[in-house]
Amino acid sequence: MSRGAGTGVGGGGRRGGTVLIENAYIAPVTGEEIPRGYIRIDGDRITALGPGPAPAMSATQGVEWIDGSGCLATPGLVNTHHHLYQWASQGLAQDAALFDWLVALYPVWAAMDAEVVHGAAGAGLGFLALSGCTTSSDHHYVFPKGRGDLLAAEIEAAREVGVRFHPARGSMDRGRSAGGLPPDSVVERLDDILTATAEAIDAHHDPSFSSKLRIAVAPCSPFSVSADLMTEAAALARDKGVRLHTHLAETLDEEEHCLAQLGLRPVGYLERLGWLGPDVWVAHAVHLGDADIDVFAQTGTGSAHCPSSNGRLGAGVARVAEMLRRGAVVGLGVDGSASAELTSMSGEMRQALLLQRARYGPAALTTRQALEIATLGGARNLGREAEIGSLEPGKLADVALWRTDTPFASAVADPVAALVLGARQPPLARLLVGGETIVADDELRTVAQDELGRAGGAAHRRLMRLAGEQGLATAGEVGPPPGQM
Ligand SMILES: [Zn+2]
């Protein structure tokens, strides 16, 4: 038996045996909270959970025992919107709104290759795991020609870190010459997109209950994608039984673009394309009217709320409290690091709560609701509410164990408040994905943490160099004020 929430317990690797967490404050998200209880894990599933010590087991050989004293156990957090490659382009175009920010960054992203993506994705996913995230999606939509297999590069990074991964094969086919926002040099042909997306599903998608890898289909946004691609993408996803994702209603500029070019507001446009339904989740959904929210609730269309990114780009505040009140599915997303530098999943719960309350009053969002959208809401966005998102027997053993008895945090009466309201994340004593230890004592155990971080920095320098060599952009054109780079 190994003891202790973190110290002295070995690295990652599938154990396949029994793990027993005892003496923890358990916030299962579904069901009553348990002030002092146990969680039993057999293989990759939770098999029992309850108050007090665990019932005695006939054999303790091979059982890994984790003392959760002073810790809060929650479901692993679920991130439902990201652009991992953007780890390599953080801190640029700092004061721009979405459209200007995109126009500044498209040429930089056009220079990325598989090495940049692997380094960026590893650092991004490692950083997320250190913030309690056990499942992350990604939305990769820039595929410059001849730059290697970018999707495979990020999938490899996710396998190394050990989190569940839902990469969405993104795409853009409406460049500037067709009335879109991106330069023609970064868009692909519709047929090429559909072929590559189908190949990605066939090569990588695992629909099983325990899956650590599922592909989604994700044309980028109304202002960078043709209606034909949206329609064809939906047909492909539904034929293959995978989910659909896109950006929607992020800014008022987008709404104006949709009205001018498409004659409809964003949600009306999606509706016309057959893009509303329980197999769809969109990023942002900031600018929704009451009727839009009702349509989302009635159709089961989910949304990924990205409060830090929306704040960074001055996009607005999504009506999360109202969406929840009307029964819409809402999850959280950190969004790409180029618009939300070093944003953590634990911090995003607080950011969501504070933005809702600043705008709509102190009762707008509770700490429990913030935890729920970061876990079960995210699981619903990804179509995995039967498997992850709460601590329940039968579900996968994706568990975050937060240390809330540190000298400072120990003054907070409610451990969930210590997690959600504190600006500084409580130490992560353990992070389990399917019963496997990914993080112990705030340190990644599956990969060398410092090397992973350094590879992210190297990816940034490589991307800036490649962009400069291509003459597409210089750091000075998109970077911080002179003298700071
Ligand atoms: Zn995004």
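How do the residues of the lining of the second largest pocket divide into nonpolar, polar and charged? The answer stands in the fourth legend below.

This is a predicted model, in which local features need pLDDT of at least 70, side-chain atom pairs count only at pLDDT 80 or more, and totals for chains, interfaces and linings use all residues. Residues are numbered from 1 along each chain as its sequence is written, and side-chain values use heavy atoms, with hydrogens and water left out.

Figure 1. His81 (NE2), His83 (NE2), His247 (NE2) and Asp335 (OD) coordinate the zinc ion at 2.1 to 2.6 Å. Donors are N, O and S atoms within 2.8 Å of the metal (3.2 Å for Na, K and Ca); water is not among the atoms, so sites may look incomplete. Along the chain, the donors have the spacing H-x1-H-x163-H-x87-D.

Figure 2. His247 belongs to strand S10 (residues 243–248) and Asp335 to the loop between strand S13 (329–332) and helix H11 (345–360), so the pair ties together parts that are 88 residues apart in sequence. Helices (H or I, at least four residues) and strands (E, at least two) are DSSP runs, numbered from the N terminus. His247 and Asp335 are both buried, that is, under 20% relative accessible area with a 1.4 Å probe and protein chains only.

**Figure 3. The largest pocket.** A pocket is an open set of points on a 1 Å grid over the protein atoms alone, with protein on both sides within 12 Å along at least five of seven lines; lining residues have an atom within 4 Å of a point. The largest pocket has a volume of about 350 Å³. Its lining has 18 residues, and Phe143, Asp149, Arg169, Glu188 and Ala196 lie nearest its centre. Helix H4 gives the largest share of this lining, six residues.

**Figure 4. The second largest pocket.** This pocket holds about 290 Å³ of space. Among its 14 lining residues, Thr406, Phe408, Ala409, Arg424 and Gln425 are the closest to its centre. The lining divides into ten nonpolar, three polar and one charged. Ala, Val, Leu, Ile, Met, Phe, Trp, Tyr, Cys and Pro count as nonpolar, Asp, Glu, Lys and Arg as charged, and the others, Gly among them, as polar.

**Figure 5. The largest cavity.** A cavity is a set of grid points where a 1.4 Å probe fits but cannot get out. The largest cavity has a volume of about 130 Å³. Of its 17 lining residues, Leu98, Trp101, Tyr141, His247 and Glu250 lie nearest its centre. Helix H1 (residues 98–109) gives the most to this lining, with four residues.

Notes: Buried means under 20% relative accessible area, exposed over 50%, partly exposed in between (1.4 Å probe, protein chains only). Grid points are joined across faces, edges and corners, and a volume is the space filled by probe spheres set on the points.
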